[in-house]
Amino acid sequence: MAHATVYVGFTVPRLLRGASRIFPTCPALVVLRHSAFCYCTVNGTIKSKRKMDHLERTANNFRQEVISQAKVCGITNESKTVKRLRLAIANKEFTFKAGQWVDFFIPGVSVVGGFSICSSPGLLEREGILELAVKHTVHPPAHWIHTECTLDSEVALRVGADLQGYQEGKGNRYKMGTAKLYYSAKNTSELLFKKNILGLMNAFPGQITCRFHVTQQRLQICKELQPHVTEGRISEKDLEKHVSKDTLWYICGPPPMIESISKLLAKMGVPRNSVFFEKWW
């Protein structure tokens, strides 16, 4: 039976890596389950007094050997706190699969960044372009992107994901049934890629759905978004209607949010091996 999938989070790059990412002809979602996510815990183990850096968190993950040079060819403010980078990739052999991230090397910055890819492999194939959406923080790579990065800045990238142990075959081919997204932000201006999400919902009616949650909305919500917006946080009542043995849950957000949603799912009887989160948060 095809799985339903519920995405819960503050960021949504996974959903936007193209419809082929969500309805794969090959088992891309299975690859993702063994790559950028790990099982959620509800016993406090995701909390840490010392914040691990990207390379430390992903030390056991497989990486391509090649580090490719790239040049910044576009910078867009997706919101007041998030910039989208367009990167022209110099290496024509550079490839990635939906669900992978990049190690991000910046000349003069000793800390290596780790950012999810928010564009599709198809864009890279057609135009040699890769895109990242980076939220502003004090972490050196993100801070550099928001304060020093300019057009024509040169960086280097290396694709990473734990694809070891994965073998394609009849036994593991996967077809997703539906994808439901709960996306929370302070206000609608912080709902990144909302037009893309609405486009996917229109292109795949009933198969891709989304509820946008806003917690500090002050301005009137535009008519296009109104039918899909709920004021207030994502609640147990929102999630319990999707609980079933065939549902997979993907959580992305800051640690307190992951902890809170994980506890809600455990309370509702969701098995821990059906819950995943982006582990570098």
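Predicted model: local features only at pLDDT ≥ 70, side-chain atom pairs only at ≥ 80, totals over all residues.
1. Residues are numbered from 1 along each chain as its sequence is written, and side-chain values use heavy atoms, with hydrogens and water left out.

2. The protein chain has 8 helices and 13 strands, these being DSSP runs numbered from the N terminus (helices H or I, at least four residues; strands E, at least two). Of the 281 residues in the protein chain, 49% are buried, where buried means under 20% relative accessible area, exposed over 50%, and partly exposed in between (1.4 Å probe, protein chains only). The accessible surface of the chain comes to about 14,300 Å², with 52% of that belonging to carbon and sulfur atoms; such areas come from the Shrake-Rupley method with a 1.4 Å probe, and for residues only the protein chains shown count as cover. Among contacts (heavy atoms within 4.5 Å) between residues at least 6 apart in sequence, 75% join residues at least 24 apart.

3. An open sheet of 6 strands is arranged in the order β6-β5-β8-β3-β4-β7, with antiparallel pairing; two strands pair if DSSP finds at least two bridges between them. Strands β6 (109-116) and β7 (129-135) stand at the edges, each with a single partner strand, so one side of each is left without a neighbour in the sheet. From one strand to the next the twist averages 40°, with axes taken as lines fitted to C-alpha atoms (for helices over the stretch in contact) and angles running from 0 to 180 degrees between N-to-C directions.

4. Helix α5 lies across β4, β5, β6, β7 and β8, running at about 85° to β6.

5. Helix α8 (residues 255-267) has 13 residues and reaches 18 Å from its first C-alpha to its last, close to the 18 Å expected at 1.5 Å a residue, the expected span being 1.5 Å times one less than the number of residues. The buried residues of α8 are Met 257, Ile 258, Glu 259, Ile 261, Ser 262, Leu 264 and Leu 265. Just after α8, Gly 269 takes a positive phi of about 90°.

6. Asp 152, in the loop between α5 (140-147) and β8 (154-160), has a positive phi near 80° and is exposed, with a relative accessible area of 52%. Phe 193, in the loop between β9 (178-185) and α6 (194-203), has a positive phi near 60° but is buried, with a relative accessible area of 7%.

7. Which residues does Ser 79 contact, leaving aside its neighbours within four places in sequence? They are Ser 189, Glu 190 and Leu 192. Ser 79 is placed in the loop between β3 (68-77) and β4 (82-89), and is buried at a relative accessible area of 10%. The C-alpha atoms of Ser 79 and Ser 189 are separated by 6.3 Å, although the two residues are 110 apart along the chain. A polar contact of 3.2 Å joins the side chains of Ser 79 and Glu 190; the term denotes a pair of N or O atoms within 3.5 Å, where within protein one must be able to donate a hydrogen and the other to accept it, and residues adjacent in sequence count only if both atoms are side-chain atoms. The side chain of Ser 79 also reaches the backbone nitrogen of Thr 81 at 3.2 Å.
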